[in-house]
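I opened this notebook to record what I looked up in one structure.

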Amino acid sequence: MASGVDFDGSEAKGEMWDLEQKLDQPMDEEAVRLKNMYREKKFSTLLLLRLAFQSLGVVYGDLGTSPLYVFYNTFPDGVDDTEDIIGALSLIIYSLTLIPLLKYVFIVCKATDNGQGGTFALYSLLCRHAKVRTIPNQHKTDEELTTYSRNTVHELSFAAKTKAWLEANAFRKTALLMLVLVGTCMVIGDGILTPAISGNYCVRLFITNDASAPISNSLLAKMNVNIAVLSASGGISLDHPKMSNDVVVIVAVIILVGLFSMQHYGTDRVGWLFAPVVLLWFLFIGGIGIYNIYNYDSSVLKAFSPLYIYRYFRNGKKKGWTSLGGIMLSITGTEALFADLGHFPVSAVQLAFTIVVFPCLLLAYSGQAAYLMQNHDHVVDAFYRSIPASIYWPVFIIATLAAIVASQATISATFSIIKQAHALGCFPRVKVLHTSKTFLGQIYIPDMNWILMVLCIAVTAGFQDKSQIGNAYGTAVVVVMLVTTLLMTLIMLLVWHCHWLLVVLFTLLSLVVECTYFSAVLFKINQGGWVPLVIAAAFLLIMYVWHYGTLKRYEFEMHSKVSLAWILGLGPSLGLVRVPGIGLVYTELASGVPHIFSHFITNLPAIHSVVVFVCVKYLPVYTVPEDERFLVKRIGPKNFHMFRCIARYGYKDLHKKDDDFENKLFANLFTFVRLEAMMDRCSDSDEYSLCGGTMQSRENGETSALNLDFTVSSADSIVPAMYGNATHASSGRESGQTEGYELQFMRSCRDAGVVHILGNTVVIARRESRFYKKIAIDYIYTFLRKICRENSVIFNVPHESLLNVGQVFFV
């Protein structure tokens with residue numbers, strides 16, 4: 001959306017003044033150029049402001065709704081001392097400054113993978129700069145992709161030593177992957193807990209609050225706000241709190257069902273409402289904060305002094321330490337800030353945070369603290385109590401909409417990270433749908449949507465006390481932040497090549513703050529903090545077992561693949577009858593002949609006239625350009641009519657029904673045949689030249705370059721066939737006749753029929769395997785394979801053209 005636009009609008013005033021002065025001079029070529037440059041700068045500034053405005057609704061919804069519940073979760077038992085309020089406010093101020101502002105907005109957000117953020121984006125960067133992937137299916141031609149950016153390191157540098165240390169041990173690679181999976185599972189837990197805590201709180205306040213009706217504060221504290229229901233004229237207290245709580249849960253469940261039922265429409269259709277709602281929300285809470293500071297107690301501004309943090313811990317001791325779990329809720333949503341960078345440039349996110357989000361949040365928390373200085377008993381619902389009566393209902397409506405926006409953002413982020421995990425072989429195959437033609441990252445996963453809904457409802461109904469939901473929420477957030485810090489340490493070393501002193505400084509400062517919060521949430525494990533741990537453990541088990549089974553299956557196929565010499569020994573007919581048609585044999589191997597093919601021709605007396613081994617693999621890049629997606633090479637002599645086609649995808653790419661995969665595959669295959677024929681006679685032609693492994697052809701004034709790999713034999717050479725840039729030319733009558741014959745033969749075979757041959761493999765643990773491996777492979781992995789989507793569905797293979805070949809793998 002913003003590619004190719006320079007968002008660095010920080011120009012000196014003197015330069016702009018000189019530019020304007022030059023524009024007033026008589027028009028010449030230099031003046032015209034300067035005037036156009038000035039207009040482009042103004043356009044870039046306007047575009048930057050528009051993108052910053054749009055980022056409010058997608059990126060900052062979760063972070064912006066934290067004032068709803070922070071002070072209650074900080075003081076669940078009430079406020080004992082007025083100075084504690086100032087100490088808590090000081091902690092909130094410096095937490096917002098150190099974590100979201102300094103760490104994420106100005107440091108972590110720069111570690112994007114071509115604009116993509118999140119845990120797997122960091123992992124993909126590391127995979128490109130070090131050989132840490134556990135599934136070794138990469139080829140050296142993958143590094144020539146335009147999106148495969150990487151930096152070289154000096155052999156004697158600290159970065160090179162760190163890289164060698166990571167690559168030297170398989171256990172370290174697995175540990176790095178486990179670290180990424182833990183962060184991913186905690187993000188999934190965040191997607192479950194955000195709708196629960198936001199929706200639960202708004203429903204409780206809707207049922208229990210009225211700007212014009214007095215409510216017993218002591219009763220509110222005892223009943224956890226569940227004691228009043230609105231009527232047309234005012235608040236009516238209920239004598240049966242259980243009935244009131246049941247009503248709260250039922251209404252919350254209805255809202256959650258409605259929220260998850262809307263997901264299939266996608267964020268693109270409702271996104272136009274997000275930014276205005278969140279902007280109004282920030283303006284409201286900022287304005288209310290100014291009003292409360294002026295109207296109640298402006299002395300809370302002394303909380304900007306860190307001295308009150310020391311006094312807070314000195315007076316509160318263990319109670320003050322454990323209250324950090326509530327303080328930490330003020331920075332929830334920060335990880336979503338990084339994960340949602342795919343839609344906006346970093347400068348737009350930075351501008352929105354520094355100008356709107358950060359100051360409004362500081363004013364909101366300061367205003368609540370000023371109100372609590374004179375109303376200690378209102379800590380249960382400090383936010384709504386501090387709203388002026390005249391604007392109570394408008395603010396409540398905006399707060400409810402903002403909570404829904406926050407929930408939407410985290411749910412969408414959950415979909416994206418599950419898609420990334422699936423692309424890297426760490427999650428079972430699930431149905432993934434595009435919800436926007438404009439934004440590549442906006443997707444919808446139906447199966448996961450309903451699983452998240454059920455888990456979210458279970459959390460809402462099971463934890464009717466919102467403080468327990470807050471404890472669980474805080475645990476999920478702090479673990480994700482710790483994972484990001486550890487990954488950023490490697491990014492700064494291997495990718496940015498920072499000096500090790502800067503790396504140590506960043507890591508120590510981040511770990512001191514985050515480990516402090518983590519130690520606080522550990523005290524509340526038995527008060528709801530165990531929920532995200534259980535959720536993360538369940539998803540971690542699923543993801544690791546799936547990855548382990550996938551890795552073992554790939555290793556088995558690598559060891560059991562057939563050599564090229566065996567194929568050559570069969571002869572042009574492969575020792576069988578060659579029937580008309582094209583057989584597409586799907587395999588995960590990027591080299592060699594898969595075991596499924598030998599198993600197939602051993603049991604059947606015939607094979608198609610043209611055989612194409614199709615390998616669909618994902619690379620640690622966010623996307624693969626369409627004209628670089630396919631690699632084609634020939635297997636054996638030409639009269640064998642055997643090819644290999646490797647289709648490469650990034651973790652943001654999708655197999656869609658309308659992407660016409662089969663037609664693109666054949667178009668690249670035919671292009672390969674034409675280019676190969678031209679290469680045979682290129683030495684006799686003045687139009688083609690081979691220079692440095694690059695063949696350049698000139699036709700109609702256009703130049704196209706194809707990277708060729710001459711390091712292997714001609715019978716196994718790789719040519720990246722660029723779809724859409726097919727070169728139609730002949731280099732001699734003989735090569736033209738050969739090219740025309742083979743193309744005509746292949747087209748006739750395609751007209752005769754295309755059969756998709758897929759392996760229906762059963763993975764079984766060996767008898768001598770240990771019991772935990774048998775449980776993982778024979779039960780968990782087998783169950784996941786049964787319930788996940790088939791490859792034929794993902795590749796959109798017609799049922800009448802599908803041929804499954806069964807085989808058993810022992811791992």
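My entries follow in the order in which I made them.

**Basis.** I worked from a predicted model, in which local features need pLDDT of at least 70 and side-chain atom pairs count only at pLDDT 80 or more, while totals for chains, interfaces and linings use all residues. Residues are numbered from 1 along each chain as its sequence is written, and side-chain values use heavy atoms, with hydrogens and water left out.

**Thr134.** I located Thr134 in the loop between α6 (119-129) and α7 (158-167); helices are DSSP runs of H or I with at least four residues, numbered from the N terminus. Thr134 has a relative accessible area of 18%, so it is buried (under 20%, against over 50% for exposed and in between for partly exposed, with a 1.4 Å probe and protein chains only). I found a polar contact of 2.6 Å between the side chains of Thr134 and His547. For such a contact, N or O atoms must lie within 3.5 Å, and within protein one must be able to donate a hydrogen and the other to accept it; residues adjacent in sequence count only if both atoms are side-chain atoms.

**His376.** I placed His376 in the loop between α15 (346-374) and α16 (382-385). His376 is partly exposed, at 25% relative accessibility. A polar contact of 3.3 Å joins their side chains. Beyond four places in sequence, His376 is in contact (heavy atoms within 4.5 Å) with Val79, Thr82 and Ile85.

**Cores.** I took a nonpolar core as a set of buried Ala, Val, Leu, Ile, Met, Phe, Trp, Tyr and Cys residues joined through side-chain atoms within 4.5 Å. The largest has 150 residues, of which Tyr60, Phe282, Leu337 and Phe353 touch the most other members. α15 gives the most to this core, with 17 residues. A second, separate core of 31 residues includes Ala121, Tyr618, Cys645 and Phe666.

**Cavities.** I noted nine cavities of 30 Å³ or more in the whole structure. On a 1 Å grid over the protein atoms alone, a cavity is a set of points where a 1.4 Å probe fits but cannot get out, and lining residues have an atom within 4 Å of a point.

Technical notes: Helices (H or I, at least four residues) and strands (E, at least two) are DSSP runs, numbered from the N terminus. On a 1 Å grid over the protein atoms alone, a cavity is a set of points where a 1.4 Å probe fits but cannot get out, and a pocket is an open set with protein on both sides within 12 Å along at least five of seven lines; lining residues have an atom within 4 Å of a point. Grid points are joined across faces, edges and corners, and a volume is the space filled by probe spheres set on the points.
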